[in-house]
Amino acid sequence: MRGFRLLQRATMALALLAPEPLLAAESAAVTSPRVTATLLSSRDAVAPGERFQVALTQKLAPGWHSYWQNPGDSGEATRIEWTLPDGVSAGAIQWPAPKAIRVEPLVNFGFEDNVLLPVEISVPASAKPGETLSLSAKATWLVCEKICIPEEGAFTLDLPIAATGVVDAGVETRIEQARAALPKPAGFTGKLTPKGEDKLTLTLPGLPAGASDIRFFPILDTLIEHAAEQPIENGALILTRSTAFKVGTPATEGVLTFEDGGNKRALALSAEVEPALLQAAAAPAQAPAKVTLPPPPAEDLTIWLALAFAFAGGLILNLMPCVLPVLFIKALGFAQVAQASRNEVRQQGLLFLAGVLATFLILASAVIALGAGWGFQLQSPPLVILLAVLMTLIGFNLIGAFEIGGRLQGVGDGLASRSGPVGAFMTGVLAVVVATPCTAPFMGAAMGYALTQPPAAALSIFMALALGFAAPVVALSFAPGLLRLLPKPGRWMLVLKQAFAFPMFATAIWLVWVATMQAGADGALAALIAILAAGFALWLIGVTRGSGRGLRTIAAAAAVLLVGATSAFVIESATAPAQPTAQAGAEAPGVWSPTRVAELQAQGKPVFVNFTAAWCITCLANDRVALSRQDVKDAFAKLGVAYLKADWTNRNAQIAATLAEYGRAGVPLYLFYPGTKGAQAEVLPQLLTPETVVSAAERAAGREVKTASSQK
């Protein structure tokens, strides 16, 4: 007997020490710096025909909140998608009473600290004891503080099926306490009537006489202005009618919270809607503009379609302006081997492919590990300056200002002008590095989808992009007939080699400008000093070539020290982001924020948001081709469009979260919001034309406008 008791105690101790994911009643936790979420079950084992409760729990970090079923002025409610065995069903979320969370000038409806969302699960009578009931759920939620971050998690509970259910007393107590706090039926019916032009009266005949701190949370988000005060007059709440007022049923539902005798209470209230309000809602006085909603990438794309999009985007990326300088280098390299053997030409193409794949693999690994976006490395001013130095040196190398010999030849002369194996591989590397500021059509959807997938699937999408990017050069290397159409090697190759230096200089100038946009005048100074130091270091090495070993060693050491000191100066001077400068002029775009968009929509103004970056060539091209056109500016002025810019030149978590919300891994992203409060945005194409922008402006404003281009 004593041995049995010792065994029993040891078993209990092991159970207490076991990690939580091993408990059948609780799933593994999904954690982030903001939320820890788990799925709980009130049963350790379930019986056939039984109904029991599970609950999604969210432990929120201080200052963060998630959302109720009507999120208020902004936000998104938590959603759960179930994958269940045949015959098993899950009920709707049983929502606790929300809090009014003020985020000036808005009010959100949601939860802080800890929230528990119960759901009822029904087991069919045909379930067989001895088998396992597997419950799988994918939950998505939005958490906000000053910024909003969309999050998600996958949860699994494996519960044994037994002849009799086994209750987990601790979990059941937690869930039942949460259910006991759910809003109770009010026991009376309210009545919603109009009061003047912009007010509503909510009559509450059963409200306790001593009730205070009263607030009504409607389930319908087009009923009231959520941020408005709700004073009480003669036992009725006075509500402010929503600017997008719409109610389509003779009764509306909501939750009424108040304090009675020092206790907080919540009632589930149904209110009759006066017919006059139904008629007013039916009148097309302020019909919102039709918009195109961006479907969630996971629902809109399959892995095969994402792979196809990535390959197509890689093909088109070859035509983007940021890649053209490297295309020149590729063309020169193939011209040099055009008359060579077929095997050598194919080797050049395959080595270029290897360089592209290797670089994409490194970029993809960084993007997946960091959760960053496409082109993220160009948000670092020191890396931008390093690229500017590299482009400048390649340009001077091509023009013949210096030759790098010995072991460095494959990095310098071989990179830019030779057709050897190292040169072909490094040309592929350079092509990818310079292509990162650009986003081609199809790429945005594919990259956004990749960031929502497991690492293996995400990596396959990046590799499809790499194959598409390298495909034209590889195809050319396997088509020697096309190569023989080029002239025979001669002086023209030297002239062309020198001419190709100038696109490299143009790229370097652009990169210095990007560094200036990121880090101000200090960034420009750091870039110019880095270029000077790199040139002087190479000169030191070159001028001592052929000298004694001691002099060459001193020159190499001096060059290393110079490069090291310059690197430290660049990092110190160009790391801090430049402060944004005020833009003069009525046509200058304002600074984007979700709050600013909501304010402008509440004023009835359509809102155009340009998510851009100084290092994004596609963004700059769209600005020149479309957004800076006078007819587009005229259309914006006539339609009262508010133009906001979300600048992602430097890292910005709020912009990154919004890009992710729209299934994008990077810029550009263009959104057009109708001038109706709470209306969703239309997503414009990644390549803009003036006609595309003006048409979207007309849809957002709900009317047409004649511009100079439309009258031609």
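**Note on the predicted model: salt bridges, sheets, a helix and a surface patch**

1. A search of the whole structure finds 14 salt bridges, a salt bridge being a side-chain nitrogen of Lys or Arg within 4 Å of a carboxyl oxygen of Asp or Glu. The structure is a predicted model, in which local features need pLDDT of at least 70 and side-chain atom pairs count only at pLDDT 80 or more, while totals for chains, interfaces and linings use all residues. Residues are numbered from 1 along each chain as its sequence is written, and side-chain values use heavy atoms, with hydrogens and water left out.

2. One of the salt bridges is formed by the side chains of glutamate 151 and arginine 34, at 2.6 Å from N to O. This pair links distant parts of the chain, 117 residues apart: glutamate 151 belongs to strand 12 (residues 148–160), and arginine 34 to the loop between strand 1 (30–31) and strand 2 (35–41). Helices (H or I, at least four residues) and strands (E, at least two) are DSSP runs, numbered from the N terminus. Both glutamate 151 and arginine 34 are buried; buried means under 20% relative accessible area, exposed over 50%, and partly exposed in between (1.4 Å probe, protein chains only).

3. Glutamate 259 and lysine 264 also form a salt bridge, their closest N and O atoms being 3.6 Å apart. Glutamate 259 is partly exposed, at 26% relative accessibility, whereas lysine 264 is exposed, with a relative accessible area of 68%. Elsewhere, salt bridges that share partners join Arg43, Glu50 and Glu172 into one network. Within it, the side chains of glutamate 50 and arginine 43 meet at 2.6 Å, N to O. Glutamate 50 is buried, with a relative accessible area of 15%, and arginine 43 is likewise buried, at 11%.

4. Seven strands form an open sheet of mixed pairing, in the order 16-19-20-14-15-18-17; two strands pair if DSSP finds at least two bridges between them. Strand 16 (212–218) and strand 17 (232–233) stand at the edges with a single partner strand each, so one side of each has no neighbour in the sheet. Strand 19 (residues 251–260) and strand 20 (residues 263–273) run antiparallel and are joined by ten bridges. Aspartate 260 has asparagine 263, in strand 20, as its bridge partner.

5. A further open sheet, also with mixed pairing, has five strands in the order 21-23-22-24-25. Its edge strands, strand 21 (590–591) and strand 25 (682–683), each pair on one side only. Strand 22 (residues 607–612) runs parallel to strand 23 (residues 642–647), and six bridges join them. Valine 607 stands opposite alanine 642 of strand 23.

6. Helix 8 (residues 381–399) has 19 residues and reaches 27 Å from its first C-alpha to its last, close to the 27 Å expected at 1.5 Å a residue; the expected span is 1.5 Å times one less than the number of residues. The helix is mostly covered, with 14 of its 19 residues buried. Glycine 400, with a positive phi near 95 degrees, follows helix 8.

7. Asparagine 108, in strand 9 (residues 106–112), is buried at 3% relative accessibility. In contrast, leucine 315, in helix 5 (residues 303–317), counts as partly exposed at 34%.
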